[in-house]
Amino acid sequence: MNAASLIGNDPGWLIAVKGLIVFVLCVVLTLMSVWGERRIVARMQMRLGPNRVGPFGLLQSLADGVKLALKEDLIPKAADRIVFVIAPVISATTCFMSFAVMPLTGKVKLFGHSTVMQLTDLPVGVLYVLAIASVGVYGIVLAGWSSGSTYPLLGGLRSSAQVISYEVAMGLSLVAVFIYAGSMSTSDIVEAQQKWWFGVVLFPSFIIYMISMVGETNRAPFDLAEAEGELVGGFHTEYSSLKFALFFLAEYVNIVAVSSLATTLFLGGYHALPGLGFTESWLGGWFGMVWFFAKVIGFFYLFVWLRGTLPRMRYDQFMKFGWKVLIPVSLLWILVVATLRVMSARGEPRAVVAAFTFGIVMLIMAASSLYERSVRNTSIDQIPDSSTEPSFPVPHVAGINRVESINESNG
Amino acid sequence: MFNMALHVGSTQRPEAVLFWVMAPMAVLAALGMLLVKKAVHSALLLAWVMITLAIFYIAEDALFLGIVQVVVYTGAVMMLFLFILMLVGVDSSDSLVENIKGQRPASILAALGLGGLLLSLIARAVTNVDAVGLTTANTAGNVQGIAQELFTRYVWAFEVVSALLITAALGAMVLAHSERKHTSQRQLSVDRFRQGSLAQTAGLPASGVYARHNAVDVPALLPDGSAAPTSISPTLQARGDIIESAPFELAPSVEEEN
């Protein structure tokens, strides 16, 4: 029996229980990940991080949450009151919804019922996640607009432009997965990866997805929406107390959600690492959840690592990267994948497939060497009128002979 | 029409409950969209109508259509609308003054025409027609069924529509294109140094730094005690949010008054 029919047999109360489990998991994961992020970043910066509340400071984010809830809740005078209240609610509700289609385990027993730990299984599950993400953007945009102030408006526009652009790249990176799995349902995609993970087979898609998931969640090095040097706090500048806490929650749940999707689509979901397949039957199948969350936490660590390592990108460079690099590359990659799929479906001889692949590789190499040459040429051309010597000392730039110009002006 | 009532009466309970809960919400939101004053509220209500429609599609077994409706219309199209509306301004509500002559009768006529068209279409779709074939169409799965139709029977129409859309996108790009030469940050900084005066190469003077008051609307003072007009943001000057600078100056005129 596949996941969809198992889920179809769930009685109502079991669905409610599963929903509760998913919700609690998300909230606990948020608390833990806030703590984890602060500790890991602290380690990377040679600090200790929060270590006072509870063992290892584990309860720090709980204490912070209580503190946030007890703070004064301000609504600015210029704010649009209704929208100002609705915006964080939209953010915080939509971020949970994408977990409904995440397969957390294979077949398990829950209160005597044979089922899978997945709330529902849609034939278009992955598209559903994208749809939910696109509704979630409303929270950000509306928060920015309704605050009635300049910085939040700019931050909101920035982050929604960013999320929309990177959603395009993300959607395109998923197409290759659909082509290979032959389905858009999350559980089918996981099952299709029993032999090879798509992260290996479709490595370029995996890379594009990972980049766009960081862009989509507004995280460093792409956290331009809250670039504090330019925009104070971005879209949530005017928010305080519980409403701010909702945005905070949404950000972390979103990180877990995109990590879960990455795990499901590219790293085999709840399946064990290669060679450890025997562990999947431990605890009556529940051990799959351990694998799932181990992978999700791995992605989360990646997020923190990026934040601890990379400086923030400039906004125009970031958008240019999304539209002029990620999207064309993923379009080309989809073409290649589709061609290979058709070839294997038609049973073409291996030699043809190998020749095609070799041709593609050669084309890429030729294109990249041409591109590099043109970059080298233009970078020499770009130096502005190097014939006219500046009459003042400037930092050394290739093409402007600094030492000579100083000597000339001295002599 | 009678037939339609029959259909509604015979729908199964969950679907009927869904209909009677969601349909009034959709209609109210649609009416609200027309009646609210602020353009952003109107756009939000429209987004809500689209989401309710998507829920209806999903309830009618058109899962793919419902999800795509949310992704494309709510997620992309409405978001672009919102973008434009927000850039227009927070407090802007529609002005009710007519600029174009004869706009009102023309729009009423167009609305009536559209209404008639929709009514006749809906009437044709629901009267004396029994909906059959949903299960056959969905046998291979909803998505597969749509793909089958789209890429076999309607492939020509599909391609024509995509060509049209690409043309529209290109047209928009041509219309919005401007021949502005892009200058890099490095080029800008080199230009600043080359422009002759070194006084402003490091940027404009900050407001109020050498003045007696350290506020954005108070000009900085030049070495001779006069106000530096460039030290105040042009935005503040345009808005009129700027204090008369003379009292802050250290120029002889002030001292003479004392």
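Residues are numbered from 1 along each chain as its sequence is written, and chains are lettered from A in the order in which they are written. In this predicted model, local features need pLDDT of at least 70, side-chain atom pairs count only at pLDDT 80 or more, and totals for chains, interfaces and linings use all residues, while side-chain values use heavy atoms, with hydrogens and water left out.

**View 1**
With a relative accessible area of 7%, D80(A) is buried. The term buried stands for under 20% relative accessible area, exposed for over 50%, and partly exposed for values in between (1.4 Å probe, protein chains only). Leaving aside neighbours within four places in sequence, D80(A) is in contact with W145(A), S146(A), K38(B) and H41(B), where contact means heavy atoms within 4.5 Å. The side chains of D80(A) and K38(B) form a salt bridge (3.2 Å, N to O), a term for a side-chain nitrogen of Lys or Arg within 4 Å of a carboxyl oxygen of Asp or Glu. The side chain of D80(A) also makes a polar contact with the side chain of H41(B), at 2.7 Å. A polar contact is a pair of N or O atoms within 3.5 Å; within protein, one must be able to donate a hydrogen and the other to accept it, and residues adjacent in sequence count only if both atoms are side-chain atoms.

**View 2. The interface of chain A and chain B.**
In this interface, 33 residues of chain A are in contact with 29 residues of chain B. The two chains bury about 2700 Å² between them, 78% of it on carbon and sulfur atoms; buried area is the accessible area (1.4 Å probe) that two parts lose on being put together, summed over both. The rule finds one salt bridge across the interface, and three residue pairs in polar contact (both at pLDDT 80 or more). On the side of chain A that touches chain B, the elements giving two or more residues are helix 5 (125–146) and helix 6 (150–181) of chain A. Helix 5 of chain A gives the most, with 11 residues.

**View 3. Y151(A) in helix 6 of chain A.**
Y151(A) counts as partly exposed, at 40% relative accessibility. Beyond its neighbours within four places in sequence, Y151(A) is in contact with E230(A), L231(A), V232(A) and G234(A). The C-alpha atoms of Y151(A) and P76(A) are separated by 14 Å, and these residues are 75 residues apart along the chain.

**View 4. Helix 11 (residues 241–266) of chain A.**
The 26 residues of this helix should span 38 Å at 1.5 Å a residue, which agrees with its end C-alpha atoms being 38 Å apart. The expected span is 1.5 Å times one less than the number of residues. Helix 11 of chain A is mostly covered, with 21 of its 26 residues buried. Just after this helix, G268(A) takes a positive phi of about 75°.

**View 5. Helix 3 (residues 39–59) of chain B.**
This helix has 21 residues and reaches 30 Å from its first C-alpha to its last, close to the 30 Å expected at 1.5 Å a residue. Its buried residues include V40(B), L44(B), M50(B) and F56(B). Just after helix 3 of chain B, D61(B) takes a positive phi of about 70°.

Terms used:
Helices (H or I, at least four residues) and strands (E, at least two) are DSSP runs, numbered from the N terminus.
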